[in-house]
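Subject: Handover of a structure and the findings

Dear colleague,

Please find the structure below, handed over for your study. The findings follow it.

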Amino acid sequence: MPVAVVDAPPSDEALMARVRADELDCLTALFERYQGPLFGFLARLANGDRDVAQDLTQNVFVRVLRYRASYQPGQPFRAWVYQMARHVWADHYQRQRPTDDLEDVEKTVSYGRAAHAQRAAADEHQALHEALALLPAPQREVLVLHRFQGFDYAEIGEQLGCTAGAARVKAHRALDALRRIYLS
């Protein structure tokens, strides 16, 4: 009985090389593969704000299309698109960064008290996500990339412009900070 040979789907890198060569229909397959993971990544960075995450995810793919010529063939697409997502997040964060006036400080203090009280009544999963939201954005980003998105330290180091060892140290410090917040 003859065995049917099924062609493997093209790799992300092959698809992106075709997008780079103006075969824009290939972007659909990349969108289908990465829309969910990028949405999850950006939603975690945005403290669960699904509307913001949806907008930012769309912006990532607009940038992929706009800056397709900057993709270098052979470069891992996953790392490249997450780097693009990090830039989209950073741009959004810069526009939304709160001012350092007294009202903002009071809101932060009252939110911290409310978060602490809610953690006592909430399940562990919810409390962990609340503690993650209280981390500074750079620490939260390292943890999300490693723990939720599955990037290894070498990939994270490449995105952050540091060595794998430095990325490991940053992740360790972020985990320590998360532990202190969570257990306080």
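**Salt bridges and a pocket**

D12 is buried, with a relative accessible area of 14%; buried means under 20% relative accessible area, exposed over 50%, and partly exposed in between (1.4 Å probe, protein chains only). This is a predicted model, in which local features need pLDDT of at least 70 and side-chain atom pairs count only at pLDDT 80 or more, while totals for chains, interfaces and linings use all residues. Residues are numbered from 1 along each chain as its sequence is written, and side-chain values use heavy atoms, with hydrogens and water left out.

The side chain of D12 meets that of R33 in a salt bridge (2.5 Å, N to O). A salt bridge here is a side-chain nitrogen of Lys or Arg within 4 Å of a carboxyl oxygen of Asp or Glu. The pair links distant parts of the chain, 21 residues apart: D12 belongs to helix α1 (residues 12–20) and R33 to helix α2 (residues 27–45). Helices (H or I, at least four residues) are DSSP runs, numbered from the N terminus. R33 is partly exposed, at 31% relative accessible area.

The structure holds seven salt bridges. Another of them joins E23 to R18, with the closest N and O atoms 2.9 Å apart. E23 counts as partly exposed at 36% relative accessibility, and R18 is partly exposed at 38%.

A further salt bridge is formed by the side chains of D176 and R179 (2.9 Å, N to O). Both residues lie in helix α9, three residues apart, which is about one turn of the helix. D176 is partly exposed, with 25% relative accessibility, and R179 is partly exposed, with 42%.

Which helix gives the largest share of the lining of the second largest pocket? The largest share, four residues, comes from α9. The lining divides into seven nonpolar residues, no polar ones and two charged ones; Ala, Val, Leu, Ile, Met, Phe, Trp, Tyr, Cys and Pro count as nonpolar, Asp, Glu, Lys and Arg as charged, and the others, Gly among them, as polar.

Yours sincerely

Key:
Helix = DSSP H or I, 4+ residues; strand = E, 2+ residues; numbered from the N terminus.
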